[in-house]
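Subject: Structure handover

Hello,

I am passing this structure on to you, with notes on what turned up in it. Please look it over before reading the rest.

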Amino acid sequence: MENKADSLLVHLARAGDADACEKLVKKYYSSIYQYCLLHIFDSYEAEDLTQEVFIRFFSNLYRYKEYGKIKNYLGSITNFVGFRIPLVATTAHIE
């Protein structure tokens, strides 16, 4: 049932429905934030990363294929964005 509700919200969000976008953010923001905080240990950085995840999600919503759960897709974005940035910052100091 949850996937059907999410599917409808995604469909509405793709059509430009701001309320649908807000519902998706409210539904998943806390989970993504907690996941970021678990790995980053800085509440401000975790909040920034969470916002970046949602920006990327909505910017690329047309690419989203409704194969699985949105939460997993958001987790993939989080892993790509969040754990790539510290690696780049770390390697920059090695030179």
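To begin with the charged side chains, Glu 22 and Lys 26 form a salt bridge, with their closest N and O atoms 3.0 Å apart. A salt bridge here is a side-chain nitrogen of Lys or Arg within 4 Å of a carboxyl oxygen of Asp or Glu. The two residues sit four apart in helix α2, so about one helical turn separates them. Helices (H or I, at least four residues) are DSSP runs, numbered from the N terminus. Glu 22 is partly exposed at 42% relative accessibility, while Lys 26 is exposed at 62%. For these words, buried means under 20% relative accessible area, exposed means over 50%, and partly exposed lies in between (1.4 Å probe, protein chains only).

Two points on the source before going further. This is a predicted model, in which local features need pLDDT of at least 70 and side-chain atom pairs count only at pLDDT 80 or more, whereas totals for chains, interfaces and linings use all residues. Residues are numbered from 1 along each chain as its sequence is written, and side-chain values use heavy atoms, with hydrogens and water left out.

How many salt bridges does a search of the whole structure find? There are three. One of them joins Lys 27 to Asp 6, with the closest N and O atoms 2.7 Å apart. This pair links distant parts of the chain, as Lys 27 belongs to helix α2 (residues 18–40) and Asp 6 to helix α1 (residues 2–14), 21 residues apart. Asp 6 is buried, with a relative accessible area of 2%, and Lys 27 is partly exposed at 34%. Another salt bridge is made by the side chains of Arg 56 and Glu 52, at 2.8 Å from N to O. Both residues are in helix α3 (residues 43–59), four residues apart, which is about one turn of the helix. Arg 56 is partly exposed at 31% relative accessibility, and Glu 52 is partly exposed at 27%.

At the start of α2, a side-chain oxygen of Asp 17 comes to within 2.8 Å of the backbone nitrogen of Asp 19. Just after α2, Phe 41 has a positive phi of about 70°.

Next, the aromatic rings. The whole structure holds seven aromatic pairs. Phe 57 and Phe 58 make one that is edge-to-face, at 5.1 Å centre to centre with 65° between the planes. Rings of Phe, Tyr and Trp (its six-membered ring) pair if their centres lie within 6.5 Å; planes under 30 degrees apart count as stacked, over 60 as edge-to-face and the rest as tilted. Phe 57 is buried at 2% relative accessibility, whereas Phe 58 is partly exposed at 25%. The pair of Tyr 64 and Tyr 73 is tilted, because the ring centres are 4.7 Å apart and the planes stand at 55°. Tyr 64 is buried at 5%, and Tyr 73 is partly exposed at 26%.

Regards

Conventions
Polar contact = N/O pair within 3.5 Å; in protein donor to acceptor, adjacent residues only side chain to side chain.
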